[in-house]
Amino acid sequence: MTSLLIIGVVVLLGIAIWQLTKIFHLTQTIKQKPAHESESEIASERDNNVNGYLLFGFLGFIYALMIYSCAKWGYMPLMSDAASEHGKDVDNLMWISMILIFTVQIITQFLLHYFSFKARGIKGRKATFYADNDKLEMIWTIIPVIVLSGLILYGLFAWNNIMYYDQDEEVMYVEVYAKQFGWDVRYSGEDNTLGKANVRFIQGVNATGADMSDPNSHDDILASELHLPLGKKVVFKIRSQDVLHSAYFPHFRAQMNAVPGMVTQFAMVPSITTSEMRQLPETIKKVDKINKLRSQRSQELIAKGEEALTPYEFDYILLCNKICGRSHYNMQMKVIVESEQDFKKWLGEQKTLGQRIAEEQAGNEPQPAVEEEAVSQEEEAVSEDNTAESEEEAIEIENIRG
Ligand SMILES: [Cu+2]
């Protein structure tokens with residue numbers, strides 16, 4: 001990196017010296033010769049034409065680059081198949097913005113280059129004095145105002161749709177608790193009310209610090225996987241134990257910061273179950289691609305006498321989207337969307353926080369609050385590139401990241 005910088009500096013210095021000598025040469029020419037003799041320094045008709053056509057060439061280059069980029073990287077997996085009701089609004093907003101940006105830039109780039117060409121220097125042609133044009137200014141002010149207002153209003157509408165819910169609406173409250181480096185979830189239990197919580201109450205199985213003097217805390221349920229019922233509005237109450245994190249649900253088009261010392265929230269309705277999502281052609285394609293890579297890697301591992309990787313299966317995921325420390329990349333949780341019936345069955349099998357604390361106090365071996373060792377297949381798939389296999393590798397990765 002340092003040597004690259006040094007080379008850059010040397011090259012720039014060289015260009016600067018070259019330009020300086022050119023300017024010096026130019027001043028000498030002007031000083032020594034009368035105006036009509038220094039004609040060679042003035043752009044000729046041919047020079048102007050060449051520069052005009054070069055501009056057009058550059059326009060073609062920009063367009064070609066754009067088409068190439070769209071063909072090569074234009075696959076946008078996060079702009080279709082949103083798994084939440086509001087997700088369609090987010091995707092629409094994204095599509096409208098992208099189409100608008102594309103159209104406007106194609107037209108303005110053309111005009112910019114065309115007029116530069118049209119107004120190139122031609123012998124005997126004089127520039128017109130043109131101070132202002134009210135009509136033109138009105139047009140280029142009013143059109144963007146209308147378009148941008150439309151976009152902003154639509155965006156605000158979508159935002160309110162996501163952020164606010166009716167107090168009378170039947171919703172389910174779930175707490176999402178972030179910490180370095182993992183997530184915990186707490187369901188509000190039968191009373192659908194989350195007990196109060198504070199970081200000071202974190203002890204043993206009570207991983208999110210529920211205040212057990214609050215009667216609402218006793219039926220709360222802690223889990224290491226986020227199960228959500230299909231078609232039901234879930235209100236997430238998001239907290240952080242230590243630093244800023246961000247709860248990011250890419251498939252549901254949702255993200256909200258987890259801020260220490262305060263509770264943030266958002267609401268969403270999951271609209272596609274995990275098993276339905278696994279059947280979608282796009283998902284099947286993506287999974288096949290990952291499994292192809294995994295089987296290649298497995299062959300390498302087997303050759304080294306190590307264990308092969310298990311095949312990947314699609315699962316929704318909750319990620320942290322704020323660089324929050326060394327193992328930020330590994331901060332993820334499996335999300336399962338299932339029918340209301342299956343969800344109730346699963347929830348019914350979980351022990352309440354009250355029961356678990358009682359068991360813990362009685363000296364029984366309770367289930368750990370967070371099974372951090374239980375790495376799901378999705379986690380493996382995502383963190384595969386990042387997971388260091390040895391200490392040396394970990395140091396290597398650390399060095400690469402600087
Ligand atoms: Cu984080």
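Biologist: What percentage of the 402 residues in the protein chain is buried?

Modeller: This is a predicted model. A residue counts as buried if 20 or more other C-beta atoms lie within 10 Å of its own. Of the 402 residues in the protein chain, the buried ones make up 19%.

Biologist: How many helices and strands does the protein chain have?

Modeller: Both kinds of element are present in the protein chain. The secondary structure comes to 10 helices and 10 strands.

Biologist: How many of the 30 residues of α4 are buried?

Modeller: Helix α4 covers residues 134-163. From its first C-alpha to its last, α4 reaches 42 Å, close to the 44 Å expected. This helix is hardly covered. Its count of buried residues is zero.

Biologist: Are α3 and α4 roughly parallel or roughly antiparallel?

Modeller: Helix α3 spans residues 87-118. The axes of α3 and α4 come within 10 Å and cross at roughly 165°. Angles over 145 degrees count as roughly antiparallel. Therefore α3 is, relative to α4, roughly antiparallel.

Biologist: Is the crossing of α3 and α4 left-handed or right-handed?

Modeller: The handedness describes how one helix is turned from the other. For α3 and α4, the crossing is left-handed.

Biologist: How many nonpolar residues are in the contact of α3 with α4?

Modeller: From α3 come D89, V90, L93, I96, S97 and L100. From α4 come V147, L151, Y154, G155, A158 and N161. By class, three are polar and one is charged. The nonpolar residues number eight.

Conventions. Residues are numbered from 1 along each chain as its sequence is written. This is a predicted model: local features need pLDDT of at least 70, side-chain atom pairs count only at pLDDT 80 or more; totals for chains, interfaces and linings use all residues. Axes are lines fitted to C-alpha atoms, for helices over the stretch in contact, and angles run from 0 to 180 degrees between N-to-C directions. Helices (H or I, at least four residues) and strands (E, at least two) are DSSP runs, numbered from the N terminus. Angles under 35 degrees count as roughly parallel, over 145 as roughly antiparallel, 65 to 115 as roughly perpendicular and the rest as oblique. Two residues are in contact if their C-beta atoms, placed from the backbone, lie within 7 Å. Ala, Val, Leu, Ile, Met, Phe, Trp, Tyr, Cys and Pro count as nonpolar, Asp, Glu, Lys and Arg as charged, and the others, Gly among them, as polar. A residue is buried if 20 or more other C-beta atoms lie within 10 Å of its own, exposed if 12 or fewer, and partly exposed in between; C-beta atoms are placed from the backbone. The expected span of a helix is 1.5 Å times one less than its number of residues.
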